[in-house]
Amino acid sequence: MSTPTARTERGTHRRLREEVAALHGHLVRYQLVTWTAGNISARVPGEDLFVIKASGVDYESLDWRGVVVCDLDGNLVDGEHSPSSDTAAHAHVYRSRPDVGGQVHTHSPYATAWAARGEPIPCVLTAMADEFGGPIPVGPFAIIGDDSIGRGVVATLEGSRSTAVLMQNHGVFTVGEDARAAVKTAVMTEDVARTVHLARQHGEPLPIPQDAVDRLYNRYQNVYGQR
């Protein structure tokens, strides 16, 4: 559990803070957030620190000063603003998953509608097989403020190829090797949530056979794009 610490601005890790501040523009561009909700964080390479959007900072005015530095217990290390209310959740994920270098949280409307029903998004699109390697799972209901959400994210993603989880009654949490990868996953999560929702208005979508899902996932993760 984090404890209050003095707010100072020494400008540490400014380049990473600038990158994370700029990435928030994608959340607005793809209509994944409303008002000041949502956040992006990134692990500081080689240090037990991460940077995260400060609480309640407006996206239009967000710059590096609106992204603060915290330790892996969620304590503020550098910055004049209070960290996001999701900081404890992000900290728990970083402590538990050394492979995670970035995280995103949104309340994007279509994906959050699935979360409100407590329903996983079934793997009925090749784009889902490519990106997620199966369905997007649902995590347990948890109250914001401590690491309960982070524990739910970690437990739900264990044994899953998905890098996104729908936290019941809450919203979307995504992880990636860095913050940009987690942002891409958040964008893709909303895109497939919308498409599958539209498909269900006309009947039950057709599942993709597991062997095809496996082949699609392997191709996209290991062959697709420039290597």
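This is a predicted model: local features need pLDDT of at least 70, side-chain atom pairs count only at pLDDT 80 or more; totals for chains, interfaces and linings use all residues.
Select residues 171-176, which form β8; 6 of its 6 residues are buried. Which strands pair with β8? One of them is β5, residues 102-106, joined to β8 by 5 bridges. Another is β7, residues 164-167, with 4 bridges to β8. In both pairings the strands run antiparallel.

Now zoom in on V172 in β8. Show T106 and you'll find it standing opposite V172. Then show L166, which also stands opposite V172.

While you're here, follow the chain from β7 into β8. The two strands make a hairpin with 3 residues between them. Pick N169 in that hairpin: what is its phi like, positive or negative? N169 takes a positive phi, near 65°.

Last stop: the cysteines. Select C70, which is buried, with a relative accessible area of 0%. Then select C123, also buried, at 10% relative accessible area. Both count as buried because their values are under 20%. And how many disulfides are there to look for in this model? The count comes to 0, going by cysteine sulfur atoms within 2.5 Å of each other.

How values were computed. Residues are numbered from 1 along each chain as its sequence is written. Side-chain values use heavy atoms; hydrogens and water are left out. Buried means under 20% relative accessible area, exposed over 50%, partly exposed in between (1.4 Å probe, protein chains only). Two strands pair if DSSP finds at least two bridges between them.
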